Each structure stands twice: as C-alpha cells, then as structure tokens.
Amino acid sequence: MENKPHDYWMLLALEEAEKAMQEGEIPIAAVLVSNGQELGRAQTQVSRRGTLAAHAELFTILELNGKLWSAEHPLLIYTTLEPCLMCLGAAMQVGIDEIVYGMTAAPDGGVRFIDAIREKGQIPPKITGHLLEEKSVALMKRFLVENPNHPSVGYVHALLAVY
C-alpha cells in the first residue's frame with residue numbers, strides 16, 4: 001500500500017471540517033486510516049444530534065460497525081482538534097495506534113492526561129500534535145465570523161484563546 005504523508009490525511013480531515021461548518025457545526029472532523037487506506041471519516045455533529053457527545057473522532061470509530069477489529073495496524077486517526085478525554089478513551093478501547101491532531105483544545109483536550117494514563121498501566125496511542133494547526137485555527141476563526149450567534153461561540157472563543 002502507498003503510504004501517504006500525514007499532511008495528506010489532515011487535509012482530508014480539514015475538508016470534512018469545512019463541510020461540517022456548512023452544516024452548521026463547529027468545523028471539526030476526523031479521518032481514520034489503516035495501512036495507507038481510509039477506513040472512514042466523520043464530522044462533529046453536536047448541533048445536528050443535540051448532544052455534546054457527538055464528536056467527530058467518536059463517530060469515525062462508531063460508523064465502522066465492527067470493521068475496526070479486522071483492520072490492519074497501525075491504525076491512525078487524524079483530527080482537526082485535539083481529542084477530548086472521551087475520544088482519547090474510545091481510541092484506546094478500539095486499539096488506535098496513533099492520534100494526529102491539528103489545533104490544541106485548551107479547555108478540554110485529553111492529551112494532558114497521557115502521563116496519568118501511562119502511570120495507571122494503560123498504553124495510550126502515540127500522539128502527534130499541531131499538524132497543519134494554522135489551517136484548523138483559520139477555520140475556527142472563520143466559523144466565528146460566519147456564525148456570530150451560534151450556541152458554540154463561547155467554546156470556540158475558549159479554543160482560540162491560546163492562539
């Protein structure tokens with residue numbers, strides 16, 4: 001299989017995040033890859049589903065309907081935003097080998113818990129952050145301009161506070 005660079009996959013996630021924004025969501029998306037092949041992708045669906053748990057990483061995993069168990073390793077998930085603790089835990093449960101993310105999620109990102117997870121004897125995925133970060137940040141800033149009355153504006157401001 002052809003191994004495409006990390007940038008290739010993150011650009012696909014960013015394209016999907018753009019589509020999420022067109023659907024009235026915060027621009028967050030994820031792409032799951034195995035052996036150089038895309039297994040699935042999803043967008044954050046918080047507004048459409050009416051639940052704060054409708055994260056892109058989680059739906060990328062859930063929508064595979066068990067196909068993940070027979071997928072070749074390494075399994076990588078590319079996400080435009082640092083995953084929260086829920087999504088990090090889901091990735092660990094299904095055996096994701098590496099998480100590659102774009103921008104930091106200062107209010108609720110799960111990466112800060114990696115050392116504590118290791119100390120408890122668990123093996124978290126390898127984490128690679130800040131890939132094409134400026135593109136994820138630019139999408140979030142555009143979201144604020146185009147959606148000034150969106151219910152998630154406060155959260156997006158909190159995300160952007162470190163930028």
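Modeller: Helix axes here are lines fitted to C-alpha atoms, for helices over the stretch in contact, and angles between N-to-C directions run from 0 to 180 degrees. Helices (H or I, at least four residues) and strands (E, at least two) are DSSP runs, numbered from the N terminus. The model is predicted: local features need pLDDT of at least 70, side-chain atom pairs count only at pLDDT 80 or more, and totals for chains, interfaces and linings use all residues. Residues are numbered from 1 along each chain as its sequence is written, and side-chain values use heavy atoms, with hydrogens and water left out.

Biologist: At what angle do helix α1 and helix α6 pack, and how far apart are their axes?

Modeller: Two packed helices are described by the angle between their axes and the distance between the axes. In this model, α1 (residues 6-22) and α6 (residues 133-146) pack at about 5 degrees, with axes 11 Å apart. That makes α1 roughly parallel to α6 (angles under 35 degrees count as roughly parallel, over 145 as roughly antiparallel, 65 to 115 as roughly perpendicular and the rest as oblique).

Biologist: Which residues make the contact?

Modeller: Contact means heavy atoms within 4.5 Å. From α1 come Leu-11, Leu-14, Ala-17, Glu-18 and Met-21, and from α6 come Lys-135, Ser-136, Leu-139, Arg-142, Phe-143 and Glu-146. By class, the contact has six nonpolar, one polar and four charged residues (Ala, Val, Leu, Ile, Met, Phe, Trp, Tyr, Cys and Pro count as nonpolar, Asp, Glu, Lys and Arg as charged, and the others, Gly among them, as polar).

Biologist: Is Glu-16 buried or exposed?

Modeller: Buried means under 20% relative accessible area, exposed over 50%, partly exposed in between (1.4 Å probe, protein chains only). Glu-16, in helix α1, has a relative accessible area of 10% and is buried. Its side chain makes a polar contact with the side chain of Gln-43 at 3.0 Å. A polar contact is a pair of N or O atoms within 3.5 Å; within protein, one must be able to donate a hydrogen and the other to accept it, and residues adjacent in sequence count only if both atoms are side-chain atoms. Leaving aside neighbours within four places in sequence, Glu-16 is in contact with Ala-29, Arg-41, Ala-42 and Gln-43.

Biologist: Where do the buried residues of α4 fall, seen down its axis?

Modeller: Helix α4 (residues 85-94) has Cys-87, Leu-88, Ala-90, Ala-91 and Val-94 as its buried residues. They fall within an arc of 160 degrees, so they line one face of the helix; the arc is that of the directions from the helix axis to the C-beta atoms. Their cover includes α3 (56-62), β3 (75-81), β4 (98-103), α5 (114-119) and β5 (126-128).

Biologist: What are the buried residues of α7?

Modeller: In α7 (residues 153-160) they are Val-153, Val-156, Leu-159 and Leu-160. Their arc is 115 degrees, so they also line one face of the helix. They pack against β3, β4 and α6.

Biologist: Which backbone angles need checking?

Modeller: Most residues other than glycine have a negative phi, and most peptide bonds are trans. Asn-35 has a positive phi of about 55 degrees; this residue is in the loop between β1 (29-34) and β2 (37-43) and is partly exposed at 30% relative accessibility. Leu-132 has a positive phi near 50 degrees, sits in the loop between β5 and α6, and is buried at 14%. The peptide bond from His-73 to Pro-74 is cis, with omega near 10 degrees.
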